[in-house]
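Me: I'd like to learn how to read aromatic contacts in a model. Can you walk me through some?

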Amino acid sequence: MKKVGVILIVFALLLWDNISSIKATESLDCRQRQSSVVDKVYWDGVELKVGQIGRLTVLHNTSLFKFDGDKKVFTRTLNKGEIYRIYAFKPGMLSVGGGYYVDRDSKVKYETPSKAKLEAVTRIKVETIRNLSHCTLQDEKASKPILLYPNLSFTSSNLLSSLKESEDYSYINWFYPSKRYIFKDHLGRINILNADYEDIKILHFDHLFNKSGETKVQKESLNFGGFHEGNDGYYYILYGQGNYEESNTKPVYRLVKYDNRWKKIAQLDIKDVYVAQPFDGSNVTMDSYNGKLVIHSARLRYKTDDGLRHQSNISFLVDMKNMKLINNGGQWPANHVSHSFATYVRFDGEDTVYVDHGDAYPRAIVLQVERENEITRQVDLISFPGRIGDNYTGASLGGLEVSQSNYLVISAYKQNVILSVVPKKTDSQPKLLQISNDNTKSSINIEETHISKINDNKFVILWVEENMSTNYNKDLYFAVVNGNGELIQKPKKLLGVPSPGNISPLVQGNSLIWYYSSPIYNLKEDKYSLEFFTLNID
């Protein structure tokens with residue numbers, strides 16, 4: 001194992017030297033990107049270098065040597081009081097770099113920097129690699145993939161116009177609908193969907209992340225709510241509009257069906273469903289199975305006798321082939337939750353599984369199973385203290401997936417990432433598993449959670465921890481669990497790697513793909529840097 005450690009450290013140094021040797025251009029955007037990175041970390045007044053794992057102080061004169069095969073070859077004497085950086089080690093020996101070693105004995109003192117300083121150097125390395133990659137990027141081609149971690153690669157793609165920023169995750173007390181999606185089409189292209197006020201744009205990329213084109217979709221006159229790639233090969237977009245006049249004849253939702261070339265095929269207008277404002281205080285999720293499409297979201301309701309408009313969830317079931325409404329939710333749906341601040345839905349065969357973040361009825365993260373328009377099961381996974389209807393619960397809901405024998409729900413509560421494992425067998429009790437380290441008494445805040453299904457027995461959990469005591473550093477973590485919620489890969493930190501934001505990562509075989517986009521200012525035209533990240537799961 002120690003030999004493997006030496007190889008990995010040497011590989012990291014070679015990678016760093018290779019990237020550092022790239023000559024950055026003098027364009028304004030590159031200089032700006034570079035200046036945004038703090039480029040040095042100091043340890044007792046001396047710079048801590050990338051790849052450095054410790055330092056050696058010579059207490060008594062000692063020999064420096066290299067290896068000729070297995071034989072030590074003396075090079076020179078290191079004198080008492082000299083200090084050297086340490087980059088690797090072998091059993092009983094320390095490496096000062098360049099293939100030179102000293103014996104690790106009483107003649108030397110070996111010290112290691114704090115974990116925080118090592119992480120700061122790693123973060124600088126990763127961010128610098130990302131920035132340099134953009135500075136050397138050609139207009140029409142993506143960069144070659146760069147290995148940032150043993151299981152995560154990074155690719156800079158074209159600088160694009162009119163790309164939505166990916167730092168769009170906002171969940172204080174309630175969630176919001178996503179305006180962007182990443183998906184793969186029938187031609188094998190990776191696509192980014194961006195929904196703006198005026199139009200919907202789909203950017204196409206080949207398997208090397210080179211931009212291969214784009215498609216503009218004529219947006220309906222209503223507001224964008226959500227997108228779903230149906231299992232029937234068609235695309236579906238849900239739109240909505242306000243109805244504060246409380247008209248039962250005004251379409252409040254419109255579901256539009258497109259073919260795989262984005263030609264509009266059909267539409268379904270939904271009205272008379274007791275909605276004053278769609279997509280209010282929650283996100284939108286959809287799923288499809290066996291010719292049916294289910295939509296789960298939240299809405300602002302009509303005024304009640306108290307003169308107020310209250311918020312609650314709403315769901316629709318649609319016949320995809322005929323674009324007909326099977327179940328319209330209405331005023332009091334069977335799966336009613338109020339308020340509902342995040343909504344997720346999945347089909348499990350003929351069953352429909354819903355999860356909501358409620359603050360009143362119930363005041364809990366609640367899972368419900370529906371069959372033939374009747375709720376057959378309701379489980380309060382995490383119940384919250386406090387007044388009924390108080391928007392603050394201290395929790396967030398991040399996703400729902402279905403394994404062969406369980407429903408898996410990811411959430412954050414009391415500064416920790418919680419995986420709820422709900423057995424499909426109703427005589428078995430759900431389990432709450434803490435995935436993150438215990439942050440209850442720390443200054444850590446969980447800002448973002450995701451769960452992605454690789455297969456029935458492998459699920460990837462992503463989350464972001466924001467450290468409120470160290471300049472609000474945000475670090476991305478991942479862990480892998482099986483279908484029973486048991487860890488098969490312990491949590492790992494991906495320093496310097498941006499999170500997906502308010503999208504679900506694209507699952508490609510055993511990999512997750514997401515992207516990061518941010519504006520580059522002070523250019524003649526608006527441009528956005530675009531980075532793809534590929535996380536490979538063993």
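This is a predicted model: local features need pLDDT of at least 70, side-chain atom pairs count only at pLDDT 80 or more; totals for chains, interfaces and linings use all residues.

Me: What describes a pair of aromatic rings?

Reply: The distance of the centres and the angle of the planes. Take Tyr-171 and Phe-175: their centres are 5.0 Å apart with 25° between the planes, a stacked pair.

Me: Is Tyr-171 buried or exposed? And what about Phe-175, buried or exposed?

Reply: Tyr-171 has 10% relative accessibility, so it counts as buried. Phe-175 is buried too, at 3%.

Me: Which kind of pair do Phe-183 and Phe-227 make?

Reply: That pair is tilted, because the planes sit at 40°, and stacked needs planes under 30 degrees apart while edge-to-face needs over 60. The ring centres of Phe-183 and Phe-227 are 4.8 Å apart.

Me: Where do Phe-183 and Phe-227 sit in the chain?

Reply: Phe-183 is in strand β13 (residues 180-184) and Phe-227 in strand β17 (residues 223-229), so the pair links distant parts of the chain, 44 residues apart. Phe-183 is buried at 4% relative accessibility, and Phe-227 is buried with a relative accessible area of 8%.

Me: Which residues form one aromatic cluster?

Reply: Phe-183 and Phe-227 are in it, together with Tyr-181, Phe-224, Tyr-235, Tyr-258 and Trp-262.

Me: Which ring does the charged end of Lys-257 sit over?

Reply: The ring of Tyr-234, 4.4 Å from its centre. Elsewhere, Lys-66 lies over the face of Tyr-100, at 4.8 Å from the ring centre.

Notes:
Residues are numbered from 1 along each chain as its sequence is written. Side-chain values use heavy atoms; hydrogens and water are left out. Rings of Phe, Tyr and Trp (its six-membered ring) pair if their centres lie within 6.5 Å; planes under 30 degrees apart count as stacked, over 60 as edge-to-face and the rest as tilted. Buried means under 20% relative accessible area, exposed over 50%, partly exposed in between (1.4 Å probe, protein chains only). Helices (H or I, at least four residues) and strands (E, at least two) are DSSP runs, numbered from the N terminus. A charge sits over a ring if NZ of Lys or CZ of Arg is within 6 Å of the ring centre and within 35 degrees of the ring normal.
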